[in-house]
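I opened my notebook to look up a few things in this structure.

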Amino acid sequence: MSARRIFVSALVLAACAVAPVQAWAQVNLLGASGLGRRVLAIDARARGMGGPGVALHGGNLSAINPATAARFATAGLWATYTPERRDVEGEFANGTVTTETVSVVRLVWPWGGRWAVAVSAGAFLDQNWGVQFIDTLRTSVEDIAFEETRTSDGGVSQVRLDLAGIATEGLSLGASFLFYTGQSRRKVKRVFEDDANFQSYNFSRAINYRGWGLALGAEWEPIPEVLVGGAFSYGVDMRISDDTTDVGFSIPLPIAVNLGTSWQLTPELLVAMAFGWEGWSRVADELANASAVDTWGIGGGVEYALIVGENNRWLVRGGAHADQLPFEVRGGAIWERGFSLGAGAILAAGRARLDFTAEFGGRGDKSVNDVEESYRRFSFGAAVFTR
Amino acid sequence: MKGRRLTGYRAIAILAAAGFLGLACSKDELLNVDPEEAPGFVIPTVEVVLTPDEVEQWIDSVFGGFNSAASMLFMLAEKSTNLESQPMVIFNAPIQDTLFFFDTVAAAVDFDSLRMIVNIDTTRDNALASAGTTLQLWSVEQGWDPGSAAWALAVDSPGVAVPWTAGPGGTLGQILDEVFLTELVDTTGVVTDSIVFDLTEYTDSLLSSWNDTSQVNTGLAMVIADSGSLALQAPRLQYLIIPEFNPDTAIQVRCPSLTTILRCLPATTYIFDDSAQPPPVGVLQTGGVDGWRSFVRVFLPDSVVLGDSAENYTLRGATINKAEYVITSLPAPAQPFGAEAGFDATAYQLADNYLVLGAKTPVGARVAGSEFRIQPDSLEEGESIAIDLTLQVQAWADVPLDSVTPPITFMFRAFPEGSTFGYWNFGAVDGDTAYRPIFRIVFTPVREFPVE
């Protein structure tokens, strides 16, 4: 595939990645508090191993550590599409919903043997949710039943521009400019029972998000079998404003630290893990009706090359993770825990790659949050590289 | 190799297409939640009940004279202790006296078998005396004006008042025919809905005189000889014509004609021995033979404070879920003008300030959804009727805040206006406080956008 074709495809996919979080009708009750649900820019392969996207042998396709771009010898483009089904159960909410997200789209363009630039886009904060309920309006003459739906469509996307280079043999460094953009449209619709002949109430207003930040990353290969990586990001600020009046305010974005390692135990077996911390509590200080915690996350897993051919490799993966979500529900932090199983194929002597991962897990704890959800998440990834 | 390179590229294209398809097929699914726990904006729908004391200007007035007996949908024939009422009719020329036969016009050689048929309006209250009721058809001996004739006057138009020469009740000539009604429903349960007066004896004289435009057409009158009450529809004539092109044949024609070639239309009215008076102060009056209309002008406040809460709720800009003008029934009006049968009423917009133009204020469109029914047999004193003004109040609420605050102005009346002889009374703003109108508005106020 020519570099030009990859570049054009990248533009198309980047548009897909930025638009979905604004337009797709997705639902996540746990994501209804604060700024929504944090979405990590992890590709299908890393998800299959429990999410270690900081440092990974064999081509790291996640957009967490900018230094990883320096390890690509050829230009490449990839994307991960993630549908998810959630079964929500709790004291105040029940139902099943499905969501779809483009987790990450990334284009890497190496040059000069030492340098690489990368552009990536993906979801950052998912604010897609919708609820409905039936209630009664009590007036001086009658009680009138009404059905109300409240929805939020959209969220915040993250666009990254990475510059990475090989500092010394085995050590690569990278820096990113982070641009946050998005819109969330809030709607309320109240429909009264037909007999009452009441006019319905409709409310629709949009919130705009604009912000920026910086990220630094490093990846070190002390021995060929081991990779160690770290990434630090700092969201300088994000402005939240009314789409109509432009009235709004600014909040700081969290500092995030991610560390990870990858160990090629045998030519067929790879072990990787990562953990991260994000300082969301300082964000919540600026929000009127939300409480948040600094979040921790850990994940790890293995990848095994089941079939190794002349030009192909067929891989299976397994992993587990535990990630905290930033915004609390009912005064309690929400943990997401899950395990994953995946498969992948490296085709055409490394010029194409396909990955699939199935994850099963849960979020929240009914005893703490009064609501919990079980989820099944699938990730489909595809990548192409120049020769 | 080229094929392999394209395979990878196509895989990406398919993935992108699948992403778009996923977007297009994505369902808008909703979680069922408890109302108290629902996330998102909480924007309450609230109710405010405004009384005249709480509003800067709230005025109402009653005007009549928008209707007369001549424009009623029925004619009232009645003789009772309360009222004496006589339907009257003039069959105006041209009365059909020729026939069209292909392309020729044939004159009538003779007329025969004239009858006048009157249908009883069975949708209204009709009552016969227990011993039966006799309805007589009289000739009238004096010219009269169908648009203004009254019990005492044959003509009562501005500047012209001509009394009946024979005194109140009309200058009647002779009885042409009479019908004795014993019951309105026969033994088989069929409603008696038509009365036929046989005028065969007067066929030539009546038709000729009505067709002679050089003579004053003095018409006919229907009189209940004993007692009873009948609501009658406009009468029609039916008679035979013997055409000159075929003298052995009689062809039946009627007035009003079934064709439009010769347009014979009866002019009808009824005269009665009483007249309704304008309502006293503090009373809104609706319906009646005079077409009483109630006019209202209210300046609603831009915002209201509800109950004991100190919170100010803005009405302007709000979504008006329901707005009702609630009127309260007064005791039934005295007979004979108190409505006995139910009738419909509705509200209309006013195109100008009625305080300046009075009864001549131009009336606009009907207020959609404002229809209501006044049902005297179930409407008790103190009972309320709500007139739905939601759309009108919403239009008021949508006026920009930097514009001059317009009043809510409307008028309500019987619909159709000539559908009821009697009227009904409701409390007015300056009347008894127990019967005064109120404005009940259920609305969802505008709230500051909660970017938080």
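My entries follow, starting with how the model is to be read.

**Ground rules.** I am reading a predicted model, where local features need pLDDT of at least 70, side-chain atom pairs count only at pLDDT 80 or more, and totals for chains, interfaces and linings use all residues. Residues are numbered from 1 along each chain as its sequence is written, chains are lettered from A and ligands numbered from 1 in the order in which they are written, and side-chain values use heavy atoms, with hydrogens and water left out.

**Confidence.** I looked up pLDDT (the predictor's confidence in each residue, from 0 to 100) for chain A: the mean is 87, and 91% of the residues reach 70 or more. I also noted that residues 6-28 of chain A stay under 50. Where pLDDT is low, the predicted coordinates should not be read in detail.

**B:Ser370.** Is this residue buried or exposed? I found B:Ser370 in the loop between β25 (363-366) and β26 (372-374) of chain B; strands are DSSP runs (E, at least two residues), numbered from the N terminus. B:Ser370 counts as buried (under 20% relative accessible area, with a 1.4 Å probe and protein chains only) because its relative accessibility is 0%. Its side chain makes a polar contact (a pair of N or O atoms within 3.5 Å, one able to donate a hydrogen and the other to accept it) of 3.1 Å with the side chain of B:Thr346. I also saw that a polar atom of the B:Ser370 side chain lies 2.6 Å from the backbone oxygen of B:Val367.

**A:Leu259.** I placed A:Leu259 in strand β11 of chain A. At 37% relative accessibility, A:Leu259 counts as partly exposed, the class between 20% and 50%.

Conventions. Contact = heavy atoms within 4.5 Å. Helix = DSSP H or I, 4+ residues; strand = E, 2+ residues; numbered from the N terminus.
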